[in-house]
Amino acid sequence: LLSRGRKFVVMSLSAGKPSLDELFVALIAQERATAADLESAKGELASGSTAEAELIAKWSRLSLPFGSEVWISGLTGRADLNGLRGTAVSFSLENRRFGVRLHSGEMISVRAQNLDVEPPTEETNRLLSQVVGGDAANLISSFLVCTRCQQPCAPGSECQVPHPVHLEQDMGGMSGAGEMNSHKFCSACEQQYTLVTSFDHPESEPRIEGAKWCFSGKHTTLPLAHNDQRRCFPNTKALFAGPNLQREIEALPRDLKTLTITSKGGYDDSLRVALEQHLPELQEVQLVDVSFSKITLDAERTPNLRSVRLQNVPDDCELSLLLPDLRSFSIYYWNGDCRIINRMLQTATQLESFDSYKLWVDELHFASNALADINLHRSDALDTLTIWAPNLTRLGVQACYALNTITFLDTHPLAASLPPDHRPPTIEVNTANACLGRAAKHALRSNPRVSMGPGQRHRGMPTESSFAQMFGGMGMDMAGMPPELAQMLAGMRGFRGGEDDDDEFDDDESEDEDEDEDDDDDEDDEDEWVTEDEWTEEGGVADAP
């Protein structure tokens with residue numbers, strides 16, 4: 001059991017970031033922690049006093065394998081031992097100390113926080129000083145570059161890493177007292193912080209409140225774990241909205257791999273910039289809260305682009321996204337031409353995930369053998385959804401108020417690329433606060449892959465359920481709605497109503513009316529639109545043939 005536990009924690013820490021539960025499974029198996037320790041850690045996590053990343057970092061120290069070479073640091077009672085090297089040979093669960101055999105042969109008992117698995121830069125400098133003298137040692141140390149902060153490991157200096165802009169998540173914001181507060185969450189260190197921007201001096205650097213650094217501690221020259229993203233990333237660039245932004249875009253280096261263009265707070269729609277540079281090494285791009293006039297990302301200019309995130313791109317932006325090797329796509333707050341998105345989907349046949357919020361288009365057509373996750377939160381005007389995704393595991397249509405048709409394609413030219421023994425997985429569907437038409441409801445019920453479990457639901461706004469109740473029995477007929485609501489819906493793409501419709505829709509409406517007359521004889525079609533509650537009451541997919 002000890003051997004298996006030790007192997008588990010080593011694999012977890014090297015192959016991917018373990019959860020708190022996974023870490024404690026290994027520690028308990030190694031007799032480095034107890035079930036009571038796990039409950040105590042969970043209590044800290046639940047109270048909000050300590051972040052999970054901090055708890056994992058703290059308890060991971062106890063997973064040190066026996067035989068590891070260590071350096072003593074931070075002792076006060078035996079300060080003479082600091083900087084000495086030894087080997088971890090035992091562990092006492094009773095006093096939570098490692099037994100360390102120093103190179104002199106002396107055995108000492110030391111807490112995990114006083115053990116380093118690499119020599120401190122001060123010790124490196126001390127040893128060099130004994131050989132080549134102090135001045136030469138300082139010069140040599142200045143050539144040692146920290147693998148985390150990419151700065152020289154100068155004696156006495158500290159490793160400090162800013163929060164990587166491309167790994168921050170927007171948690172909302174508010175303005176007041178001449179300042180804009182933008183709340184952020186860093187997915188690298190799992191800490192929250194706030195950027196405070198002055199309205200009087202918008203060109204100045206924002207003040208950081210909360211966790212100022214993603215990492216602050218000792219330098220290291222050892223390779224970092226692949227999953228440890230608390231570092232300064234090479235070939236990464238973050239640009240901010242301002243009068244010089246277009247020149248900065250045009251000066252981007254060709255070897256750039258990660259690009260983020262965002263604002264420091266607020267949205268300046270008078271600033272119109274274009275992104276159409278040739279960046280052959282670019283792999284990830286995030287364009288957030290900046291007013292673009294043109295964005296061109298294609299196989300010629302950005303052939304290696306794998307991840308695209310767009311937020312608050314103007315609806316009239318000249319947008320071209322033709323990326324055959326695109327893997328991840330996210331778009332928030334957009335009401336442009338749906339043909340732009342569908343051309344992107346038609347080209348991106350390797351797409352793995354699609355995430356959207358308030359993407360107001362009337363139809364979407366997905367086709368990718370690799371597609372596993374589709375999230376269409378608050379696509380209010382979405383009427384038609386077509387899907388070829390033999391590996392799809394999650395489909396979210398939360399708060400899609402007008403989803404009339406869902407079609408799961410039975411065949412597609414991409415099917416020729418599937419392995420002969422391919423078995424499609426179950427699709428977990430989230431329909432919270434959604435209003436589904438007859439065809440959409442039937443498509444979900446009749447698909448044996450569909451599971452109507454609780455799924456990964458979004459918290460959403462309080463108005464979601466209210467809108468769902470309003471739309472639940474109305475379908476596409478706005479004749480009985482309050483004038484203000486009808487006017488709002490008429491402005492959304494995909495909603496049509498009354499005598500003021502464009503001529504191009506007249507024939508379709510006549511056909512719809514004929515179909516509705518025929519459907520009046522069908523008892524099963526009395527409820528044209530259903531909310532999630534009605535769906536659940538009617539049995540969900542339990543009634544599927």
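**View 1. A367 and its bridge partner in the predicted model.** In this predicted model, A367 has W388 of β23 as its bridge partner. The two strands here are β21 and β23 (residues 384-388). They pair in the parallel sense, over five bridges. Strands of a sheet pair through backbone hydrogen bonds, in either a parallel or an antiparallel way.

**View 2. The open sheet of β21, β23 and β25.** Three strands make up this open sheet, and their order is β21-β23-β25. The pairing is parallel. Which strands lie at the edges? They are β21 (363-367) and β25 (405-408), each of which pairs on one side only. On average, neighbouring strands of the sheet are turned by 5° against each other, with direction ignored.

View 3. Strand β2 (residues 85-92) runs antiparallel to strand β3 (residues 97-102). Six bridges join them.

View 4. G99 stands opposite S109 in β4. Again, the hairpin has four residues between its strands. In the turn, G105 has a positive phi of about 100°.

View 5. Most residues other than glycine have a negative phi. Q150 has a positive phi, near 65°. Where does Q150 lie? Its place is the loop between α6 (134-142) and β6 (159-161). Q150 has 38% relative accessibility, so it counts as partly exposed. K358 also has a positive phi, of about 55°, although it is not a glycine. K358 belongs to strand β20 (residues 353-359). At 24% relative accessibility, K358 is partly exposed.

**View 6. The ring pair of Y332 and Y333.** A pair of aromatic rings is described by the distance of the centres and the angle of the planes. A search of the whole structure finds seven aromatic pairs. One of them joins Y332 and Y333, with ring centres 6.3 Å apart. Their planes stand at 80°, so the pair is edge-to-face. Y332 is partly exposed, with a relative accessible area of 25%. For Y333 the relative accessible area is 34%, and this residue too is partly exposed.

**View 7. The cluster of F329, F354 and F366.** Ring pairs link these residues, F329, F354 and F366, into a cluster.

View 8. How many cavities of 30 Å³ or more does a search of the whole structure find? There are two cavities of that kind. The largest cavity has a volume of about 90 Å³. Among the residues that line it are V165, E168, K184, T260, Q286, D289 and R309. Elements that give two or more residues to this lining are β7 (168-176), β13 (258-262), β15 (284-288) and β17 (307-311). Strand β7 gives the most, with three residues.

Methods. Residues numbered from 1 in each chain as written. Predicted model: local features only at pLDDT ≥ 70, side-chain atom pairs only at ≥ 80, totals over all residues. Heavy atoms only, no water. 1 Å grid on protein atoms, 1.4 Å probe; cavity = no way out; pocket = protein on both sides within 12 Å on 5 of 7 lines; lining within 4 Å. Points joined across faces, edges and corners; volume = space filled by probe spheres on them. Pairing = 2+ DSSP bridges. Axes fitted to C-alpha atoms, helices over the stretch in contact; angles between N-to-C directions. Phe/Tyr/Trp six-rings, centres within 6.5 Å; stacked < 30°, edge-to-face > 60°. Buried < 20%, exposed > 50% of the residue type's maximum accessible area, 1.4 Å probe, protein only.
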